[in-house]
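Here is a friendly note to read with the structure open beside you. Take the points in order and look up each residue as it comes along.

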Amino acid sequence: MSTKVSRSHGSSDVTEKARDLLLNLSRELSLKGCDLSDVIRVKVYLSDESDFFEFDRAYAEFFHNGNKLQPDRYVVFGANFQPFDNESLLGIELVTKFDADAFAFS
């Protein structure tokens, strides 16, 4: 499992934050010998439900590639979501078919 978090400081562009987090997760997976095609589950934490479409724009760049089987995706909305703190705008957890464990926070 790989996890990335984006806190409220810096840019408020959710698409940009999501893109950065997914790119970093992709790099992290490659260090473990995996890539995004090995992802079987994506759990997304968004502090504001109105940010979903901005997030989804970035998500599509990484996971909507043709007719390939897509990972399960869960989206949780709310300001105080776990395992992150209440300053987080966006969090992403990836689970691969290899269950490679890795955690990182930004």
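1. Let us begin with Phe52. At 18% relative accessibility, Phe52 counts as buried, because buried means under 20% relative accessible area, with exposed being over 50% and partly exposed in between (1.4 Å probe, protein chains only). Phe52 is part of helix 2. Leaving aside neighbours within four places in sequence, Phe52 is in contact with Leu46, Arg73, Val75 and Phe77, where contact means heavy atoms within 4.5 Å. The C-alpha atoms of Phe52 and Val14 are separated by 8.6 Å, although these two residues are 38 residues apart along the chain.

2. A word on how to read all this. The model is predicted, so local features need pLDDT of at least 70 and side-chain atom pairs count only at pLDDT 80 or more, while totals for chains, interfaces and linings use all residues. Residues are numbered from 1 along each chain as its sequence is written, and side-chain values use heavy atoms, with hydrogens and water left out.

3. Now the overall plan. The protein has 2 helices and 5 strands, and from the N terminus on the elements run β-α-β-α-β-β-β. Helices (H or I, at least four residues) and strands (E, at least two) are DSSP runs, numbered from the N terminus. Of the 106 residues in the protein, 41% are buried. Among contacts between residues at least 6 apart in sequence, 80% join residues at least 24 apart. The accessible surface comes to about 5900 Å², and 49% of this surface belongs to carbon and sulfur atoms; such areas come from the Shrake-Rupley method with a 1.4 Å probe, and for residues only the protein chains shown count as cover.

4. Next, have a look inside. The largest nonpolar core has 21 residues, and those with the most contacts inside it are Val42, Phe55, Phe63, Leu90, Ile92 and Leu94. Helix 1, strand 2, helix 2 (52-63) and strand 4 (88-96) are the elements that give two or more residues to this core. A nonpolar core is a set of buried Ala, Val, Leu, Ile, Met, Phe, Trp, Tyr and Cys residues joined through side-chain atoms within 4.5 Å. Which residues does Phe63 touch, not counting residues up to four places away in sequence? They are Leu22, Leu36, Val39, Val42, Gln70, Pro71 and Leu94.

5. Phe63 also belongs to an aromatic cluster, together with Phe55 and Tyr59. Rings of Phe, Tyr and Trp (its six-membered ring) pair if their centres lie within 6.5 Å; planes under 30 degrees apart count as stacked, over 60 as edge-to-face and the rest as tilted. By this rule the count comes to 3 aromatic pairs. In one of them, the rings of Phe55 and Tyr59 have centres 5.7 Å apart and planes at 40°, so this pair is tilted. Phe55 and Tyr59 are 4 residues apart in helix 2, which means that about one helical turn separates them. Both residues are buried.

6. Arg73 is partly exposed, at 30% relative accessibility. The side chain of Arg73 also meets that of Asp56 in a salt bridge (2.7 Å, N to O). Asp56 lies in helix 2 and Arg73 in strand 3 (residues 72-77), so the pair ties together parts that are 17 residues apart in sequence.

7. How many salt bridges does the structure hold? There are 3 salt bridges, each being a side-chain nitrogen of Lys or Arg within 4 Å of a carboxyl oxygen of Asp or Glu. One of them joins the side chains of Glu61 and Arg19 (2.7 Å, N to O). Glu61 lies in helix 2 and Arg19 in helix 1, so this pair ties together parts that are 42 residues apart in sequence. Glu61 is partly exposed at 47% relative accessibility, and Arg19 is partly exposed at 30%.

8. Finally, turn to Asp38, in the loop between helix 1 (14-31) and strand 2 (39-46). Is Asp38 buried or exposed? At 10% relative accessibility, Asp38 counts as buried. The side chains of Asp38 and Lys97 meet in a salt bridge (3.5 Å, N to O). Lys97 lies in the loop between strand 4 and strand 5 (102-103), so the pair ties together parts that are 59 residues apart in sequence. Leaving aside neighbours within four places in sequence, Asp38 is in contact with Gly33, Val95, Thr96, Lys97 and Phe98.
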